[in-house]
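Please look through the sequence and the three-dimensional structure shown below, and keep both at hand while reading the report that follows.

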Amino acid sequence: MPSKLPAYVPPAIMEVLFSREQIAERVHALGQQISTEYAGESIVLIGVLKGAAIFLSDLARSITVDNTFDFVAVSSYGRARVSSGQVKLIKDIDNPIEGKHVILVEDILDTGLTLSYLRQLMLQHKPASLKIASCLDKPERRLVPIEADYVCFKIPNKFVVGYGMDFAERYRGVEDIRIFPENPPGH
Ligand code: IMP
């Protein structure tokens, strides 16, 4: 039997953690930092679908060095508010990255399982360098030791939506980053 979608919670009633202006400012700063650090080089930005799509598109527009995009997709079984810990690649990169400077771009670094898995996988392709950019970082929830090289904001252990991030696939297009309520009406 198909599972029932949880009730829709209007984003307007969710607390704003970071406004679109605050996000734009931080993303721009990261773009400038990356442009300085990779001056004269070419980089490949690899976004993790779907959550990182919006962050990647803004970050890329703040980066002034030569860059290309690629995307990977992973599934962690039974994805809900708590990840199950098992990660599977469901879409690989389209173009070789051997000898290239790669930045993995993720929406949020939580337990670290997804990025540890992807980092190992990407290292097998022998890039010239591999760094990680994550819009958010929830350090309290880490299960494996991994840190991002570029982070917009560190956040406490709250479930957030917006700016690419979802709950049950919803709210990715919300422009601010908002806290999803713990006991929303109708859930
Ligand atoms: P990790 O493998 O636990 O680090 O999980 C990373 C993935 O879990 C992220 O790419 C998100 O898709 C998802 N995730 C973790 N925390 C949140 C959250 O607060 N809101 C939305 N998605 C989240």
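## Terms and basis

Helices (H or I, at least four residues) and strands (E, at least two) are taken as DSSP runs and numbered from the N terminus. The model is a predicted one, in which local features need pLDDT of at least 70 and side-chain atom pairs count only at pLDDT 80 or more, while totals for chains, interfaces and linings use all residues. Residues are numbered from 1 along each chain as its sequence is written, and side-chain values use heavy atoms, with hydrogens and water left out.

## The six-stranded sheet

Six strands make up an open sheet with mixed pairing, and their order is β4-β3-β2-β5-β6-β7; two strands count as paired if DSSP finds at least two bridges between them. At the edges stand β4 (87–91) and β7 (150–154), each of which pairs on one side only. On average, neighbouring strands of this sheet are turned by 30° against each other, direction ignored, where axes are lines fitted to C-alpha atoms, for helices over the stretch in contact, and angles run from 0 to 180 degrees between N-to-C directions.

Within this sheet, β2 (residues 42–49) and β3 (residues 66–76) pair in the parallel sense over eight bridges, and V44 stands opposite T68 in β3. Helix α1 (residues 20–37) lies across β2, β5 (101–109), β6 (129–137) and β7, and runs at about 155° to β7; contact here means heavy atoms within 4.5 Å.

## The three-stranded sheet

A further open sheet is formed by three strands in the order β1-β9-β8, with antiparallel pairing. Strands β1 (15–18) and β8 (160–161) are at its edges and have a single partner strand each, so one side of each is left without a neighbour in the sheet. Strand β8 is joined by two bridges to β9 (residues 177–179), the two running antiparallel, and V160 stands opposite I179 in β9.

## Around the ligand

The ligand is surrounded by 15 residues, of which the closest are D107, T111, G112, T114 and V160; a residue is near a molecule if one of its heavy atoms lies within 4 Å of it. Both β5 and α3 (113–123) supply at least two residues each to this shell, and β5 gives the most, with three residues. The shell divides into five nonpolar, three polar and seven charged residues, where Ala, Val, Leu, Ile, Met, Phe, Trp, Tyr, Cys and Pro count as nonpolar, Asp, Glu, Lys and Arg as charged, and the others, Gly among them, as polar.

Which polar atoms of the protein lie by oxygen atoms of the ligand? A polar backbone atom of D110 is 2.9 Å from a ligand oxygen atom, an N or O atom in the side chain of T111 is 2.4 Å from one, and a polar side-chain atom of K138 lies 3.0 Å from one. Taken alone, the ligand exposes 490 Å², and the protein buries 94% of that, with accessible areas coming from the Shrake-Rupley method with a 1.4 Å probe.

## Two backbone details in loops

The peptide bond from L49 to K50 is cis, with omega near -5°, and K50 lies in the loop between β2 and α2 (53–62). K126, found in the loop between α3 and β6, has a phi near 55°, which is a positive value in a residue other than glycine.

Terms used:
Polar contact = N/O pair within 3.5 Å; in protein donor to acceptor, adjacent residues only side chain to side chain.
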